[in-house]
Protein chains: 2
Amino acid sequence: MEAATTPALGEVTVDLAAVILAVTEGSPRVLTVQGEADAEWAGEAGRRWVAERTGMQLGYVEQLYTFGDAGRDPRERAAGARVLSVAYLALVREQAFEAAGATWRDVYELLPWEDRRGGEPEVLAQAIEPALSRWWLAAGDEPTASTTTLDTAGGSPRERAEVAFGLGDLGWDSQRVLERYELLYEAGLVGEAGRDAGEPERGGHAQARLGKAMALDHRRILATALGRVRGKLSYRPVVFELLPEQFTLSALQRVVEALAGLRLHKQNFRRLVDRAGLVEPTGVQAHTARGRPAELFCFRREVLRERPAPGVGLPRSGR
Amino acid sequence: MEAATTPALGEVTVDLAAVILAVTEGSPRVLTVQGEADAEWAGEAGRRWVAERTGMQLGYVEQLYTFGDAGRDPRERAAGARVLSVAYLALVREQAFEAAGATWRDVYELLPWEDRRGGEPEVLAQAIEPALSRWWLAAGDEPTASTTTLDTAGGSPRERAEVAFGLGDLGWDSQRVLERYELLYEAGLVGEAGRDAGEPERGGHAQARLGKAMALDHRRILATALGRVRGKLSYRPVVFELLPEQFTLSALQRVVEALAGLRLHKQNFRRLVDRAGLVEPTGVQAHTARGRPAELFCFRREVLRERPAPGVGLPRSGR
DNA sequence: TGCTCTATGCTCACAGCGAGCATAAACTGG
DNA sequence: CCAGTTTATGCTCGCTGTGAGCATAGAGCA
């Protein structure tokens, strides 16, 4: 690591990655766009950049993270340069599945352990817990990397795993998406880990890989994005970027649940968005297939002037 | 802006910026280090990179933001390339003022309107409010830029200013540091604005500039960092990265107050950190100059296993 | 009509937090 | 030694937010 003072000029390649999220039919979907582009992105130029590639009109856009780990892109070896990806997160409204040739992927097919709407997914107890505990036993109990930092819980592989996945009596923190993915990666439980290590494809008896792998480090980027959105839900009105102008409270709740990967208490959810002033009734009834018809609501902009952090506040421990 | 599809290879220069924060003698201080370096930073290599330049041992480090606006660096014109800075935020413990030639600067000399520990600073009512209202009157009431996004409050210059600075009966949100700086920049109230526009230095009768200017967009980066730290305070135990191993609750409170720029209710602060399980008593008394001696406490690591988001939770509206 | 399904209203209990009163333990100058 | 100052620490009151559940409303269907 003596390279720390190496000048970077000309040795770094920069590209852009956009993680576009939508919620369709009750499931979060992702569209990843990556490519070279001008460095400026956050403004209108970035919206156009994506629009050109996907034919979509982006709503909310924010910078997500800049990924630059060594070995994250095979082009590095080819070009002899570090490849840096500046990733952006964008939210778009529910829309046609196949928009202009773009292919949406179900987020929870890529990160199955993140969906707890149907209770704790069996992949956790069946595959993840036993594999992780085998891993931390093998890894020993020395704290990983930087003990200097108080933040990254504990430090020992075991403690990190327990906190990230809420094992034992610890609660599930829906925002720790990246921590979980990185643990699974370190423990070799996701396909990318073996691939990046240059292992051949595993055969039948091998450990089942969790979720579907993605190209490069796209799944890590997706995990970062999902964690970010989940966090943002509780203090910014980002959900409304994913919904049509008017919606029923149930629809709103379904979108929140889809992103959070949690089931929420219905009455309390209504009370929350109502009393927080996030929505206002339109007086119009939705025509529903079954059951009592619901009223349509819309986002109440004034809440931005009233509350410093308007959001839907997920429960602390999802179980 | 047809450049959106321009390939970036070779046209982008990347460097690193580190914003190092400490709290000394009750005031937050900043040390900015910028320079070319290897792209990988987050890990040990980055700590060494800073250690080489400043002789400091970093504690907590996280990636802050990647700055890449056009025109942010004069080298762009020279090199004909966009300059991208990947900025990191680091926290270090209270230490000698002059560490190995590094010069600390008082954060609130750079962003004076952010310090409300002595009540609302007079610069707000005296200079900022009148200048901002002149600005929004001149700017008209058309929503700025992207109305597409529901998030960025309101959109009209006036509403943005009112929300960011908590004008009228709106509350002060200590985290909106960047929003405030950018508004002042847009309104031409900080020195960098005129400089970047190529104006000559203002003479006597000109509008007084707010706070001390910094090179390039360092002050914007600092504002980003301060906002991030303030946010982090409430859900991560980052304060303890700035304090010695053992500390009195008053010392802890002073550091939090320094960062938040707010005065906190003493008894409630004690109750908070105590009942949240953030600290544990050591049984040792501190030898104080005056008043009843205080007990020394230390960070309680177990809290990381008990709470999903351990932090000190600042009040929503500081007034 | 009774059943199912979804929407909506309301209550209870408890935790968290803002504000303030009260006391404790050191030092100071008379 | 006492009164006054200063800082630390303990405790209470009241409001709000939130988790959990009971109950009712309104629509379609057998």
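How many helices and strands does the secondary structure of chain A come to? It comes to eleven helices and eight strands, where helices (H or I, at least four residues) and strands (E, at least two) are DSSP runs numbered from the N terminus.

This is a predicted model, in which local features need pLDDT of at least 70, side-chain atom pairs count only at pLDDT 80 or more, and totals for chains, interfaces and linings use all residues. Residues are numbered from 1 along each chain as its sequence is written, and side-chain values use heavy atoms, with hydrogens and water left out.

| Property of chain A | Value |
|---|---|
| Buried share of the 319 residues | 54% |
| Accessible surface | about 14,200 Å² |
| Part of that surface belonging to carbon and sulfur atoms | 49% |

Buried means under 20% relative accessible area, exposed over 50%, and partly exposed in between (1.4 Å probe, protein chains only). The accessible areas come from the Shrake-Rupley method with a 1.4 Å probe.

In chain B, eight of the nine residues of helix α5 (residues 157-165) are buried, so this helix is largely enclosed by the rest of the structure. Among the buried residues are Pro157(B), Glu159(B), Arg160(B) and Phe165(B). Their cover includes α11 (303-306) of chain A, as well as α4 (122-139) and α6 (177-186) of chain B; contact means heavy atoms within 4.5 Å.

Arg292(A), by contrast, is exposed, with a relative accessible area of 77%. Arg292(A) lies in the loop between β7 (279-285) and β8 (295-299) of chain A.

Notes
Chains lettered and ligands numbered in written order.
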